[in-house]
Amino acid sequence: MNELTTYSMYSKNLNLDWNYGIHLPKNYKPNMPLLVLMHGAFGNQRSIEERFHLSDYLHKNPINCVILSIDGFNTFYIDSKIKMESAIMDELIPHVKKQFNTKETYLGGISMGGYGVLRLSLKYKNQFQKVFAISPAIWKEYNESTETSSWQVFRKNGVLDIDYWYSNHPNHFMGKTQTQYYIMTGKKDEVVPYKDVLDFNKKLTHFAKTKLILDEEGDHSWDYFNQCLIRSFKWIKKDQ
């Protein structure tokens, strides 16, 4: 069975030994794509493996990709008190690409991870060929009532820094790119309003090829995330 294997590397940006998970396909060979997965809030590199049963899925539905699962803590995958963006872009992805001799790089994320993959792919234009985002945490506006407003990642000296939030939002990095996007959200999402995701996608259509899926019954739960992961892997596999 295609099991998740945990590796560790020392990160200068994080100043710790950093765990990451790898799935290698049975037909692994050099120059395969690398698919980087980013979990949601309170998760780690094993969240998608355990909640989605990723190994079981891949055993039955193989994908010709090396899959990297990141432990992103609760950072929104940005450089704040924890230099997560730098650790990912300057250390982990180059390390894994060299370790497994991969070629193209894809991104996929859930909720906070959806924010992460959209932001990084727009900031680092054309470095990622395909990106999927499931129920991405891309609120159009941010205030004290927003789900994660109490998190230190967007605060300075304990005070919510609105300018900092907006300057890091994926909207801030909109621009022409060759990256292809697949975005999914549901009308019953009570964490991130679906209209905020629709608004983001509408802006993105001016700069990139994007496909949006809006589900009538979709909410912010693993039942919905799991449905979307199946679609996303099929989308990734479509052109292989």
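Two strands are said to pair if DSSP finds at least two bridges between them; helices (H or I, at least four residues) and strands (E, at least two) are themselves DSSP runs, numbered from the N terminus. The model described here is predicted, so local features need pLDDT of at least 70 and side-chain atom pairs count only at pLDDT 80 or more, while totals for chains, interfaces and linings use all residues. Residues are numbered from 1 along each chain as its sequence is written, and side-chain values use heavy atoms, with hydrogens and water left out.

The account begins with the sheet. Eight strands make up an open sheet of mixed pairing, in the order β1-β2-β4-β3-β5-β6-β9-β10. Because β1 (5–11) and β10 each have a single partner strand, they stand at the edges, and one side of each is left without a neighbour in the sheet. On average, neighbouring strands are turned by 20° against each other, direction ignored. Threonine 6 stands opposite glycine 21 in β2.

Helices lie against this sheet. Helix α3 (residues 84–100) lies across β1, β2, β3 (34–38), β4 (66–70) and β5 (105–110), and runs at about 50° to β2; axes are lines fitted to C-alpha atoms, for helices over the stretch in contact, and angles run from 0 to 180 degrees between N-to-C directions. Helix α6 packs on the sheet as well, touching β9 and β10, and its direction makes about 160° with that of β9. Contact means heavy atoms within 4.5 Å.

The buried residues of α6 (residues 194–204) are Asp196, Val197, Asp199, Phe200, Asn201 and Leu204, where buried means under 20% relative accessible area, exposed over 50%, and partly exposed in between (1.4 Å probe, protein chains only). These buried residues pack against α4 (112–123), β9 and β10 (209–215).

Proline 170 is found in the loop between α5 (162–168) and β9 (180–186). It counts as buried because its relative accessibility is 0%. Its C-alpha atom is separated by 4.2 Å from that of arginine 119, although the two residues are 51 apart along the chain.
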